[in-house]
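Here are my quick notes after going through the file. Have a look at the coordinates first, then read on.

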Amino acid sequence: MASMVASGIYDMVLASRILGGGALKGGMPRYKYVANRLLTAFQNVFLGIKLSEYHTGYRAFSKELLQTLPLLENSDDFVFDNQMIAQAVMFHFSIGEISCPTKYFKEASSINFRRSVKYGLEVLRTTVSFVAHRLGWIHAAKFDPTGRKVTQQYYSEVIQHS
């Protein structure tokens, strides 16, 4: 993944549990698999790109992407990663995918059913706000290049307060 970013071809790389076909074989709960596929199809249509999966936590990013996206406009919850993808699409960053193995066990996932439902609704909300912003129906700060960015000064302040 790092080499895909370092090559300069991709600004973001996602490791997909779907590409290799092993998500269910690796123990992904069926409800999570079905929700993943439905949310992914919805986002592919409305974000205008084609990814095999938006909901993996295994990702790599270029420095430019991290310095450009208004990350401070995003949620502090699970949907943060999904908002980053929508922002990357809005700002025309390139996104690549690579297959990764899947292995589920009790401690493998920190998101329960209730939080999964909340996450799914937030993904839908993110996608709808992406489309509405792009069409000029609303102004969403998370999709505005002048939104709050994570700066070097911010990193310094975080480190000082740690």
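**Notes on aromatic pairs and cores**

1. Let's start with phenylalanine 113: its relative accessibility is 53%, so it counts as exposed, the cut-off being over 50%. Bear in mind that this is a predicted model.

2. Its ring partner is tyrosine 31. The two ring centres sit 5.2 Å apart with the planes at 65 degrees, so this pair is edge-to-face. Tyrosine 31 comes out as partly exposed, at 37% relative accessibility.

3. Searching the whole structure turns up three aromatic pairs. Another one of them joins phenylalanine 130 and phenylalanine 143, also edge-to-face, at 5.5 Å centre to centre and 90 degrees between the planes. Here phenylalanine 130 belongs to helix 5, while phenylalanine 143 lies in the loop between helix 5 and helix 6 (152-161), 13 residues away. Buried or exposed, these two? Both are buried.

4. Phenylalanine 130 also shows up in the largest nonpolar core, which has 21 residues. Together with Met12, Leu65, Leu69, Ile85 and Ile95, Phe130 touches the most other members. Strand 1 (12-16) and helix 4 (80-90) are the elements giving two or more residues, and helix 4 gives the most, with six.

5. What does methionine 12 contact beyond its neighbours within four places in sequence? The list is Ala60, Phe61, Leu65, Met84, Ile85, Ala88, Ser94, Ile95 and Gly96. There is also a second, separate core of seven residues, including Met1, Met4, Ala15 and Ala60.

Notes. Residues are numbered from 1 along each chain as its sequence is written. This is a predicted model: local features need pLDDT of at least 70, side-chain atom pairs count only at pLDDT 80 or more; totals for chains, interfaces and linings use all residues. Side-chain values use heavy atoms; hydrogens and water are left out. A nonpolar core is a set of buried Ala, Val, Leu, Ile, Met, Phe, Trp, Tyr and Cys residues joined through side-chain atoms within 4.5 Å. Buried means under 20% relative accessible area, exposed over 50%, partly exposed in between (1.4 Å probe, protein chains only). Helices (H or I, at least four residues) and strands (E, at least two) are DSSP runs, numbered from the N terminus. Contact means heavy atoms within 4.5 Å. Rings of Phe, Tyr and Trp (its six-membered ring) pair if their centres lie within 6.5 Å; planes under 30 degrees apart count as stacked, over 60 as edge-to-face and the rest as tilted.
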